[in-house]
Amino acid sequence: MADQDQRPAVELRRLVNGYQVSQCIYVAAALGIADLLADGPRSSDELAAAADADPRSLHRLLRALAAVGVLCEEDDRRFALTELGEAIRSDAPEGIAGWAAFVGRPSHWQAWGDLLHSVRTGENAFRHVHGTDVWSYRAERPEESEVFDRAMMTLTRSSNRAFVEAYDFGRFGTIVDVGGGNGALLALLLARYPALKGVLFDQPHVVAGAGEVLGAAGVAERCRVVSGSFFDGIPPGGDAYLLKAIIHDWEDAESRAILRECRAVVPDAGALLVIDRVLGPPNTDPAAKLSDLNMLVAAGGCERTLEEFESLFAEAGFRLVGATPTAAGLSVIEGAPD
Ligand SMILES: C[S@@+](CC[C@H](N)C(=O)[O-])C[C@H]1O[C@@H](n2cnc3c(N)ncnc32)[C@H](O)[C@@H]1O
């Protein structure tokens with residue numbers, strides 16, 4: 001890229017303007033541009049016709065994305081996918097198309113636009129902007145729920161190899177995935193371990209999409225799907241209870257309540273497996289520290305240090321067994337009944 005000026009003010013301006021790149025990638029994902037380029041380069045006019053977009057504006061978007069390396073601009077206003085761009089194809093096995101199509105949506109974008117309110121008051125920005133929490137908002141808006149569930153599914157799929165390479169889930173008989181979304185993680189675990197059984201537990205409108213995901217993985221007959229709220233009881237019968245990207249969605253009081261519901265059903269020799277980021281030392285891991293702010297403005301939770309997880313576990317009747325980092329940046333934080 002041409003813009004290599006390293007002066008602090010220039011570097012800072014790049015960071016300040018990062019929101020522009022994020023919104024450009026969102027628009028490309030929402031229009032399905034990467035899928036339209038799956039078979040090779042196409043002109044911006046062709047893409048505009050296929051995506052039902054304004055030709056001149058789309059060309060401006062595409063050349064900006066080419067300037068930052070997501071696309072490659074060739075002769076005659078033709079564009080191709082780069083390696084980065086390939087990852088926003090909806091069929092890219094480890095791509096993040098669903099996440100890209102979620103982050104720039106007005107509902108999420110507006111919450112981030114209200115970060116100042118959260119920092120001034122400690123309140124959740126999403127609730128301040130939309131008058132309700134993310135889960136109620138999505139429960140009443142099927143399209144928002146579908147886009148979010150797909151976002152979580154692509155995040156899970158993009159990091160699935162990292163989980164199974166780092167941790168042996170095959171030592172369990174039945175894994176209950178608490179708040180397991182539409183089943184993407186269970187589907188991959190059940191496909192990887194043929195003797196494993198699963199129970200998928202999430203809100204009714206979320207598990208409604210699970211049949212397709214579990215069926216496509218060929219594991220539906222080994223997975224029971226249960227709907228409900230994890231504040232009102234969690235299905236018994238597992239020897240491992242998995243909570244991926246759940247505890248970080250909630251402040252301590254709610255997190256304790258969810259973990260206590262888990263404690264009521266985890267057998268004496270069973271395991272609690274929380275998959276979340278573990279906050280590291282100062283000046284490291286921007287992904288975790290920005291995810292923490294994402295929790296502040298969106299879901300209304302926070303990322304935690306290992307010591308904070310240990311305290312939460314203890315308050316819910318679990319002792320911390322250990323934390324296994326994965327290449328995806330999340331750790332498998334294991335607890336056992338105390
Ligand atoms: C950040 S998503 C994580 C989904 C999935 N575990 C993953 O990592 O892809 C949080 C999940 O918690 C679920 N959830 C929120 N409130 C819930 C409740 N009261 N009872 C059960 N599930 C809930 C949501 O529907 C959503 O699927």
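Start by selecting helix H5, residues 55–67: Arg-56 lies in this helix. Keep in mind as you look around that this is a predicted model. Color Arg-56 and check its surroundings. Arg-56 is exposed, with a relative accessible area of 59%, and the cut-off for calling a residue exposed is over 50%. Together with Arg-56, they gather in a patch of positive charge on the surface.

Next, hop to another bit of surface. Pick helix H1, residues 8–16, where you'll find Leu-12. Show Leu-12 along with Leu-15 and Val-16: these three make a nonpolar surface patch of about 320 Å².

Time for some strands. Select E1, E2 and E3, and you'll have an open sheet of 3 strands, in the order E1-E3-E2, with antiparallel pairing. The edge strands are E1 (42–43) and E2 (71–73), each pairing on one side only. Zoom in on E1 and E3 (residues 78–81), which run antiparallel and are joined by 2 bridges.

Last stop: strand E4, residues 174–178. Is this strand buried or exposed? Of its 5 residues, 5 are buried, so E4 is largely enclosed by the rest of the structure. Then bring in strand E5, residues 197–202, which runs parallel to E4 and is joined to it by 5 bridges. To finish, select Val-178 and its bridge partner in E5, Phe-201.

Key. Residues numbered from 1 in each chain as written. Predicted model: local features only at pLDDT ≥ 70, side-chain atom pairs only at ≥ 80, totals over all residues. Heavy atoms only, no water. Patch = residues over 30% accessible without salt bridge, like charges linked within 9 Å, V, L, I, M, F, W, Y side chains within 5 Å. Areas by Shrake-Rupley, 256 points an atom, 1.4 Å probe, with all protein chains shown as cover. Salt bridge = Lys/Arg side-chain N within 4 Å of Asp/Glu carboxyl O. Helix = DSSP H or I, 4+ residues; strand = E, 2+ residues; numbered from the N terminus. Lys, Arg positive; Asp, Glu negative; His and termini not counted. Charge placed at Lys NZ, Arg CZ, Asp CG, Glu CD. Buried < 20%, exposed > 50% of the residue type's maximum accessible area, 1.4 Å probe, protein only. Pairing = 2+ DSSP bridges.
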